[in-house]
Amino acid sequence: MITAEEYMLLQSDEVQRAIAAARGRDPLEVALDRTVPQARLVATQVKYLARAEHKLPSYAAAGCILPPRAFEQASSEAAAAHKTIAGDSVLDLTCGLGVDTLALSRRFRRVVALERDPVLARITTDNLAKMGVGNVEVINCPAEEYLAGNPGRFDWVYADPDRRSAEGRKQVRLEACSPDITALRPLIARVTERLCVKNSPLFDVDEALRLFPRSRVEILSIGNECKEVVVYDDGSGPLVEATALGAGHFAAVPGTEAPEAPRFDPARYGWLVVPDVALQKARLTRLHLAGKADCWSDNGFGFAVDEPRGVIGRVLPVERIERFDPKLLKRQLKGRGAELLKRDFPLAAEELQRRLGLHAGNELRLAFTKIGNDFWAIRLK
C-alpha cells in the first residue's frame with residue numbers, strides 16, 4: 001500500500017509531470033533513470049497506468065494514482081458496470097480503489113463509500129474527483145463501526161470483502177473475509193432489505209444459496225475466465241445465472257433437472273461445444289445445452305449432430321471421434337504442434353503433450369474427454 005509520505009510525493013506537481021512524461025516507457029527503464037524525480041514511485045505508477053488502460057480505462061484516462069495492492073484487488077470496470085443494482089442511495093461497505101463505487105455512482109443518486117485505510121480513502125476521493133464524480137462521499141471508517149452507528153436507510157448495501165488474511169493468504173469462505181458479511185447481517189438488515197455481495201471466483205454456488213437462500217447468484221465470466229460470483233440478496237431468488245460478458249446469459253431455478261442424454265455414439269456427431277466457464281461454475285451446462293447438444297456432465301463438452309445456434313461457448317467442427325489410445329496417437333502425431341482442449345479428463349494438458357509427443361502450436365486441434373467409463377479423443381477440423 002502507498003504510505004502517506006509517498007502519497008504526498010505523488011501529489012506534487014513535479015512528480016505528476018514526471019509520470020505524464022514517462023507514460024509509455026518501460027517501467028524498469030524509468031526506475032533506473034536518474035533524471036526522473038522519485039523514479040521508483042514514478043515507475044510504479046507508469047506500470048499500473050499502462051495496465052489500467054485495459055482493466056480501468058477511466059482511471060488511466062484521468063491519470064489517477066493507483067496503489068498496487070488496491071489495483072490488483074479491484075474489479076475491472078467492465079465487471080463493475082455489469083452489476084444490476086440501482087436506486088436512490090447505496091452504501092458501499094468496502095470502497096477500496098473505488099471501481100465498484102464509480103459504477104454505483106452512475107446508477108444511484110447518492111453513494112456513501114467506506115474505506116478503513118486513511119491513505120486509500122484520500123486517494124480514492126481524489127481519483128473520483130479527477131474523473132468528475134460528484135455524488136460519492138468517501139468515509140474513512142470500518143464497516144462494522146459505521147453500521148453500529150445510526151447511518152439511516154439505503155436502497156442497497158454493496159460489499160466486496162477483502163479476501164486476504166493478515167498473513168496475505170487468499171480466503172474463499174465469506175466468514176473469513178473482512179468485513180465478515182455473515183456477522184454483519186443483523187446490522188445490514190437495519191439499513192436495507194437489499195444486499196449485493198461480490199465474492200471470489202472460487203466461491204461455491206451451493207454455499208452462496210445456503211447463506212442467502214432467497215438470493216439470485218450470478219457467475220460472471222469475461223473471455224472464458226470466471227471473474228466473480230455475485231450474490232443479489234433481495235428476495236429475487238433462488239436463482240442461478242451464468243453470464244459470459246458480451247457472449248450470453250442463461251438462468252435457472254436451483255434443482256431444475258436437465259434431460260438425460262442419449263447413449264454416446266461417436267459416429268453421429270459433427271460438432272463439439274466447449275461451454276463457457278460461467279456455465280460450468282454455475283452447473284448449468286446440461287440445462288443450457290438441452291435441445292442444442294448432447295451433454296453428460298456440467299463439466300464436460302457438448303456434442304451436436306448439426307451446428308448448434310445460440311450456445312454460450314465455442315462451437316467447433318469435428319473431424320472424427322475415437323477412443324483414447326495414447327500409443328496410436330503418438331505414432332500418428334508425434335512432433336506436431338497442437339492446441340489441446342480437455343473436459344472431464346484426468347490428465348493435465350502438459351502431461352497429454354508429453355505422452356503424445358506434441359508441443360504447443362496450431363497445426364492440430366484436439367479435444368479429450370471422459371463419458372461414462374470411456375475416454376475419447378476428438379480431432380477437430
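**Exercise 1. Which residue in strand 5 is the bridge partner of V157?**

Solution. The model is predicted; local features need pLDDT of at least 70 and side-chain atom pairs pLDDT 80 or more, whereas totals for chains, interfaces and linings use all residues. Residues are numbered from 1 along each chain as its sequence is written, and side-chain values use heavy atoms, without hydrogens or water.

Step 1. Helices (H or I, at least four residues) and strands (E, at least two) are DSSP runs numbered from the N terminus. Two strands pair if DSSP finds at least two bridges between them.

Step 2. Strand 4 pairs with strand 5 (residues 195–199) in the parallel sense over three bridges. The partner of V157 in strand 5 is L195.

Step 3. Strand 4 also pairs with strand 1 (residues 87–92), again parallel and over three bridges; here D92 stands opposite Y158.

**Exercise 2. Determine which way the residues of strand 4 (residues 156–159) point.**

Solution. Step 1. In a regular strand the side chains alternate between the two faces of the sheet.

Step 2. W156 and Y158 point one way, V157 and A159 the other. All of these are buried, that is, under 20% relative accessible area with a 1.4 Å probe, protein chains only.

**Exercise 3. Describe the arrangement of helix 1 and helix 2.**

Solution. Step 1. Axes are lines fitted to C-alpha atoms, for helices over the stretch in contact, and angles run from 0 to 180 degrees between N-to-C directions. Helix 1 and helix 2 (residues 13–22) pack at about 70 degrees, with axes 5 Å apart.

Step 2. The two helices are therefore roughly perpendicular, a class that spans 65 to 115 degrees.

Step 3. In contact (heavy atoms within 4.5 Å) are L9, L10 and Q11 of helix 1 with D13, V15, Q16 and I19 of helix 2.

**Exercise 4. Identify the edge strands of the seven-stranded sheet and the helices that pack on the sheet.**

Solution. Step 1. The sheet is open and mixed, with strand order 11-10-12-16-15-13-14.

Step 2. Strand 11 (302–304) and strand 14 (359–360) each have a single partner strand, so one side of each lacks a neighbour in the sheet.

Step 3. Helix 15 (residues 326–333) touches strand 12, strand 15 and strand 16, its direction making about 20 degrees with that of strand 16. Helix 16 (residues 349–356) touches strand 13, strand 14 and strand 15, at about 130 degrees to the direction of strand 13.

Technical notes. Angles under 35 degrees count as roughly parallel, over 145 as roughly antiparallel, 65 to 115 as roughly perpendicular and the rest as oblique. Buried means under 20% relative accessible area, exposed over 50%, partly exposed in between (1.4 Å probe, protein chains only).
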